[in-house]
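Here are a few notes to read alongside the model. Keep the viewer open as you go through the points.

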Amino acid sequence: MTVAREIKLIKDADSYRLAFKPVDEIDAYKGVKYKKENIAVNGELALINSEKINFSRAAINFNISDIKKDSFTFKLANKQGDELSFGYNGIDDIFFIDRNKSGKTGFSNTFSNKKSVAKRISDSKILSGTILLDKTSIELFFDEGSTVMTEIFFPNAPFETFSIETVNQDFVLDLLEVNQLNIN
């Protein structure tokens with residue numbers, strides 16, 4: 001199951017498309033807030049840890065105003081070596097989720113054997129995203145909901161760090177806003 005979503009019809013150059021966003025009612029459950037602006041990213045950078053936000057129930061919003069062909073990977077990790085990676089590959093113009101090291105994966109040969117990918121629909125230089133985390137699921141809403149991805153994962157312990165990584169490029173993360181979700 002996923003969070004309740006608002007669906008809207010948008011017109012692009014040649015046709016109509018559906019876009020999705022979490023319902024506004026989710027805002028009523030937002031608690032502790034961490035916000036940072038104009039974060040220079042080059043290589044790997046720790047963004048926030050579990051001392052400030054419990055990643056088992058969190059909402060993360062980010063904005064990059066000039067994405068160009070940059071690529072980045074967000075990582076949720078813990079001390080046990082579990083890692084859930086997701087982000088954007090600007091060369092191939094795709095979003096991805098990699099569950100290969102996300103924790104318990106041995107129950108199926110096909111659960112984490114390849115990355116989940118979705119084509120970026122928008123051609124805007126601005127890339128925005130909303131990430132919803134709920135213990136063992138992640139929902140990603142990119143470009144005002146024009147590309148949406150959902151996956152499950154089974155870490156051996158709760159994630160403790162949230163970081164971002166780039167390779168041979170740098171850019172500015174204009175906005176990072178993380179909220180604790182007070183949902184049981």
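1. Start with Glu144, which counts as exposed because its relative accessible area is 62% (exposed is over 50%, buried under 20% and partly exposed in between, with a 1.4 Å probe and protein chains only). Glu144 sits in the loop between E10 and strand E11 (147-152). Its phi is positive, about 60°, although Glu144 is not a glycine. Most residues other than glycine have a negative phi.

2. You'll find Lys135 in the loop between E9 and E10, and its relative accessibility of 60% makes it exposed.

3. A word on what you're looking at: this is a predicted model, where local features need pLDDT of at least 70 and side-chain atom pairs count only at pLDDT 80 or more, while totals for chains, interfaces and linings use all residues. Residues are numbered from 1 along each chain as its sequence is written, and side-chain values use heavy atoms, with hydrogens and water left out.

4. Now the fold. The protein chain has zero helices and 12 strands (DSSP runs numbered from the N terminus: H or I of at least four residues for helices, E of at least two for strands). The radius of gyration is 16 Å, close to the 16 Å from the globule rule for 184 residues, so the chain is as compact as a globular protein of that length (taken over C-alpha atoms; the rule is 2.2 Å times the number of residues to the power 0.38). The C-alpha trace spans about 45 × 40 × 40 Å along its principal axes.

5. What about the inside? Buried residues make up 47% of the 184 in the chain. The largest nonpolar core has 36 residues, and Phe62, Phe72, Phe86, Ile131, Phe162 and Leu176 touch the most other members (a core is a set of buried Ala, Val, Leu, Ile, Met, Phe, Trp, Tyr and Cys residues joined through side-chain atoms within 4.5 Å). E12 gives this core its largest share, six residues. Another core, of six residues, lies apart from it and includes Val3, Ala59, Phe141 and Leu181.

6. Which residues does Phe72 contact beyond its neighbours within four places in sequence? Among them are Phe62, Phe86, Phe96, Leu127 and Phe171 (contact means heavy atoms within 4.5 Å). Across the chain, 64% of contacts between residues at least 6 apart in sequence join residues at least 24 apart.
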